[in-house]
Amino acid sequence: MALPFIALAAVIGTSVAHESTKSRYKDLEQLRHIAKEDTDDLSVIKTPSDTYSSDTYVQPQPGSIVCCEVFNLFEHTGIWIDQETIIELSNDGLVKAVSASRFLDERSGKNIFVACNARHQPIVLPGCESRALHSIFTYREYDVLENNCHRFTHYCLSGKDIKVSRFTRLNELLIDNVEQNIYWDKVKV
């Protein structure tokens with residue numbers, strides 16, 4: 001007899017949590033235009049999320065950092081060149097150029113997100129586009145922890161080939177490079 005009540009409570013709790021997160025993302029969108037950058041406490045303000053993304057779309061620029069979700073647990077990253085060209089490290093170790101739709105095809109995410117500043121402007125670092133283009137058809141010994149898409153993306157951003165295991169670490173390094181908060185905005189594909 002208690003099982004239906006437990007199930008009902010779980011559904012209600014999940015619904016309340018979902019609405020709370022949705023509301024928080026909406027508030028972030030409203031506040032980002034008036035927020036002042038505090039360089040002592042920089043962070044990722046808005047994470048990529050298929051579930052909680054806004055209706056604001058951003059057009060990436062060549063050399064922009066893009067990502068998509070994988071099973072709502074992980075992110076896959078690459079470098080945007082244009083609608084038909086995102087340079088990524090695939091899990092077979094080949095650096096390849098794929099279209100935006102193909103970037104999503106092999107993942108569970110519905111959207112591509114681009115790293116932006118508070119004014120919805122894609123973050124592009126000098127040399128990123130060139131390093132990405134020069135890496136096409138090269139091979140890197142792929143390892144999910146030691147040599148993955150985040151490490152490749154960081155190499156394109158900085159020219160430094162260091163271990164970057166997680167998406168959160170890539171964001172930390174990006175913040176160190178640009179010295180501003182990061183907002184992951186949706187790309188219209």
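Strand β8 (residues 182-187) is mostly covered, with six of its six residues buried, buried meaning under 20% relative accessible area with a 1.4 Å probe and protein chains only. Strands, here DSSP E runs of at least two residues, and helices, H or I runs of at least four, are numbered from the N terminus. The model is predicted: local features need pLDDT of at least 70, side-chain atom pairs count only at pLDDT 80 or more, and totals for chains, interfaces and linings use all residues. Residues are numbered from 1 along each chain as its sequence is written, and side-chain values use heavy atoms, without hydrogens and water.

Strand β7 (residues 112-116) runs antiparallel to β8 and is joined to β8 by five bridges; two strands count as paired if DSSP finds at least two bridges between them. Within this pairing, Ile-112 has Val-187 of β8 as its bridge partner. Val-187 is also the bridge partner of Val-58, and strand β2 (residues 57-58) runs parallel to β8 over two bridges.

In helix α3 (residues 128-135), Cys-128, Ala-132 and Ser-135 are buried. They lie on the same side of α3 because they cover an arc of only 65° around the axis, taken from the directions from the helix axis to the C-beta atoms. Their cover includes β4, β5 (85-89), β6 (95-98) and α4, with contact meaning heavy atoms within 4.5 Å. Just after α3, Phe-137 takes a positive phi of about 70°.

Methods. Buried < 20%, exposed > 50% of the residue type's maximum accessible area, 1.4 Å probe, protein only.
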